Amino acid sequence: MRTPRPRLIAGLLLTPLLAGCFSSSGNDSSSDSSGSGSGGRLSVALAFPPAENYSPYGQDAFDLSRLGVAEGLTRLDANGTAVPALAESWSSEQGGKNWVFTLRDAKFQDGTDVTAKAVSAALTRAAAADPAPAALSGVKLTAQAVGEDQVRVATATADPVLPLRLTNPSLAVFSPKAYGKDGKVNPVGTATGPFELTRISGDTAATLDRFDDYWGGRAQASGIDAKFVSDGTARANALRTGDVDIAEAVPVAQVATLKKTTVHEINTARNTSLFLNTQAGVFKDAGLRAAAREAIDTSAVAKGVFEGYAEPAQGIYGPALTWASGKRTEPTGRAKATSPKGKSITIATYSDRPELPETAQVLQQQLQKAGFTVKLEVRTYARLESDLLAKKFDAAVVSRNMMLDTGDPVTVLGSDFTCDGSYNLAFLCDKNVDRLVSAAGAESDPGKRQDAAMKAEAAILGTDAVIPLVHLKVVTGIGTSVKGAVLDPYEREFVGTGTRR
């Protein structure tokens, strides 16, 4: 076992790139985290069932993060700044090409120590994953142990936001026993968070117990019983009847059926947008993409579908990002709209967020009025994702938190809109966009980085590959007996060490 070290303040923190705030119902989620931990079990309903058997390299990583199972070297704080998690301090070398992270004393849930060797191996495996985690889109990352308690993380080119990048749940650290020869990762009992995943019931439920040796202090709840409920009405009903203590993503249509004291809303960096397939089908034609954009009335979506819990989109970055509105520039180079002439398109979306099928129906009516023939394909996200990424649809209505991957406004552009992007639902490959995103990624000054991101946003919108529809608020249902539930604008945390009832 390593000799205990005094805790240090982070050696280098980035200036906040997002002005947001965590809030909680009742006490703060971190309050009294070292207390007796005598609270009962929590029952929670999450909206998105695991689609990849809890693989940390895809969207399932966010379930592991929300449930307090897994964590990485750093995490996002209330202001969108990278702050210590498994690393207690860090500093940069060679102009940002290398970063050295000093580890805190921590244990894996299997009882073994968190060592530099284990951490570097975990990051190396994440960097080699196929497809790569969204946070590593366009980044070549290597990790090497430096003694027992330091890890040197290097990138091919200087990366000024690497500490932010490492906050991504897909870069969580697991014990060596988690990694199989087949490349799969088993998160059961192998992570480092305050709650240990102990049993998985397919894609419907999971059981978690408190991890008493968590470095941040014992959680106040003794465990979590998680249910994955795709149907939003069912989630709201479960909260109303007391079957669950906390319900994620309550549909706006169900808010009126709940007690006001159980309804908690927060502005987020989440957008609902229409992504158009630029590589196959009707929307390869830029003129037809322009026709779709001109046909869509976003105010009808905001008012008719979201009932005041959203506002018409101004761009990729919404009002939760307070710096964006003053920096936005108008898109240029847009194609002239051409007549659809009855061309048939299929719009895909998922039912896990009930507003999305309703949004697709509104768009269907608007686009048909403009001359398109429109079919809808609605599934759960778990059943849709593979076909979505395989270019099988002309368009997709998708809800996306633009700060979810790293908390940095540039990296989301790299993953979602560049030729090599790992979550590029529009399949956009535009040299000018790639150039501007690359230039933005090279900026280390936060203000200049934001300016460059807005130039790239204008170029992306100029292609009409994506049509932002609305900027969202998220509603969480929280039972009146629950204290310390986390309302996170980044949607990475759901329960914390102070969440209890």
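This is a predicted model: local features need pLDDT of at least 70, side-chain atom pairs count only at pLDDT 80 or more; totals for chains, interfaces and linings use all residues.
**Entry 1.** I then asked which residues lie nearest the centre of the second largest cavity. Among its 17 lining residues, these are Val-250, Arg-353, Glu-355, Lys-473 and Val-474. I also looked up the elements that give two or more residues to this lining, and found strand 13 (263–276), helix 8 (355–370) and strand 18 (466–478). Strand 18 gives the most, with four residues.

**Entry 2.** Next I wanted the count for the whole structure. How many cavities of 30 Å³ or more does a search find? I wrote down five.

**Entry 3.** I turned to the largest cavity, for which I have a volume of about 290 Å³. I listed its lining as 18 residues, and those closest to the centre are Phe-48, Gln-59, Arg-66, Tyr-381 and Leu-404. Two elements came up when I looked for those that give two or more residues to the lining of the largest cavity: helix 1 (60–66) and strand 17 (395–401).

**Entry 4.** Last, I sorted the lining of the largest cavity by residue type. I counted nine nonpolar residues, three polar and six charged.

Notes. Residues are numbered from 1 along each chain as its sequence is written. Side-chain values use heavy atoms; hydrogens and water are left out. On a 1 Å grid over the protein atoms alone, a cavity is a set of points where a 1.4 Å probe fits but cannot get out, and a pocket is an open set with protein on both sides within 12 Å along at least five of seven lines; lining residues have an atom within 4 Å of a point. Grid points are joined across faces, edges and corners, and a volume is the space filled by probe spheres set on the points. Ala, Val, Leu, Ile, Met, Phe, Trp, Tyr, Cys and Pro count as nonpolar, Asp, Glu, Lys and Arg as charged, and the others, Gly among them, as polar.
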